[in-house]
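Hi everyone, thanks for coming.

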Amino acid sequence: MKLLVSALEPSSNLHLKEVLKHTQDVELLGIFDKNIKEGTPLYDISEMAIMGVVDAIKKLRWFFKVADAMVELAKEADKVLLMDSSGFNLPLAKKLKEKYPDKEIIYYILPQVWASRPKRVKKLELYCDKLLGILPFEMEYYSSDKAQYIGHPLLDEIDVHRNEEETKGCIAFMPGSRKSEITRLMPIFLELRRKFPEIRPLLVIPPSFSRNKIAKLYKGNREFEIVRDTHEALRRAEFAFICSGTATLEAALIGTPFTLAYIAKKVDFFIGTKLLGITQVGLANIILTHYNNTTLHHELLQEEVTVDNLLKEYYNTDRKIFGQKAEELKTYLSHGSSQNVAEIIMSQRS
């Protein structure tokens with residue numbers, strides 16, 4: 001089978017690799033990580049990276065060119081797999097469906113229509129044949145039988161087992177992976193680290209970052225033990241200070257108590273909270289709130305992110321309640337998604 005893939009994000013490619021473990025005789029075409037052995041990408045994901053609105057506008061014409069190349073390449077494919085990145089993949093789905101109305105289009109890792117722009121649901125249902133959600137509550141937003149919950153990929157990808165007794169005296173600091181996140185949080189985390197002279201501080205840094213990039217972004221990194229594996233750092237830590245994003249869900253599933261510390265640009269925070277109505281940042285909290293209207297952890301946002309407040313979180317977080325809520329979250333997600341996605345890709349179209 002030839003499968004046209006559009007997986008622009010590093011996280012999408014991690015999920016893709018898990019899916020491919022359960023497939024046979026699949027050749028990939030399109031956009032994906034060049035290290036995936038099942039094919040040679042038309043474009044590697046490093047070429048697709050953009051930083052902010054200005055960068056996106058500058059590359060807009062180029063992205064149109066890439067989309068046209070993907071549509072042309074699709075004539076060789078038996079099926080299409082789109083992953084996340086709705087800004088590129090949703091317009092691409094429209095182009096593909098118009099050119100190849102009978103070619104099956106599968107969308108895995110759906111856009112967060114529950115957070116913003118719910119009108120995308122109609123487009124997704126119109127242009128795609130199968131909509132594979134990784135959050136159970138997402139299905140409430142879709143009216144067609146094209147949408148189904150297939151499990152969460154992290155339940156396949158997390159293979160570490162945390163022993164509480166082996167974590168004493170070790171704290172993980174996770175200032176994010178974007179330059180803006182790191183530069184805002186790192187000075188606070190450095191000062192916070194100095195409040196714990198006896199602990200072993202783990203600084204989690206993406207594996208793709210070079211030494212030069214680390215030196216520029218992570219001022220004071222020599223006062224930490226650098227760890228490139230998020231799951232391993234969370235397994236070793238008794239507590240974590242986490243920027244935001246998927247890492248909050250990873251910590252929850254591993255069972256590492258944490259608090260979220262997030263500082264956004266003032267204009268972005270205003271748009272998110274006042275115009276889009278976003279009330280939560282941590283994915284683990286968002287999921288639990290939809291499930292049973294409870295939360296897993298505290299969220300310190302903007303001016304609340306201070307050393308004193310973070311210290312209070314470390315000392316006052318109830319580890320027992322956290323553990324109970326983390327188990328509720330894991331039960332709600334139920335199972336992994338990789339094998340289910342692979343079976344849908346390999347199945348004959350009904």
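Let's begin with an open sheet of six strands, in the order 9-8-7-10-11-12, paired in parallel. Strands here are DSSP runs of E, at least two residues long, and helices are runs of H or I, at least four, both numbered from the N terminus; two strands pair if DSSP finds at least two bridges between them. At the edges sit strand 9 (225–227) and strand 12 (299–301), each pairing on one side only.

A quick word on the basis: this is a predicted model, where local features need pLDDT of at least 70, side-chain atom pairs count only at pLDDT 80 or more, and totals for chains, interfaces and linings use all residues. Residues are numbered from 1 along each chain as its sequence is written, and side-chain values use heavy atoms, leaving out hydrogens and water.

Back to the sheet: strand 10 (residues 239–242) and strand 11 (residues 258–262) run parallel, joined by three bridges. A240 has F258 as its bridge partner in strand 11.

Now, the inside. A nonpolar core is a set of buried (under 20% relative accessible area, 1.4 Å probe, protein chains only) Ala, Val, Leu, Ile, Met, Phe, Trp, Tyr and Cys residues joined through side-chain atoms within 4.5 Å. The largest has 57 residues, and L16, L28, L81, Y108 and I287 have the most contacts inside it. Helix 10 (residues 246–254) gives the most to this core, six residues. Another core, of 33 residues, lies apart from it, with L29 and L96 among them.

Key. Buried means under 20% relative accessible area, exposed over 50%, partly exposed in between (1.4 Å probe, protein chains only).
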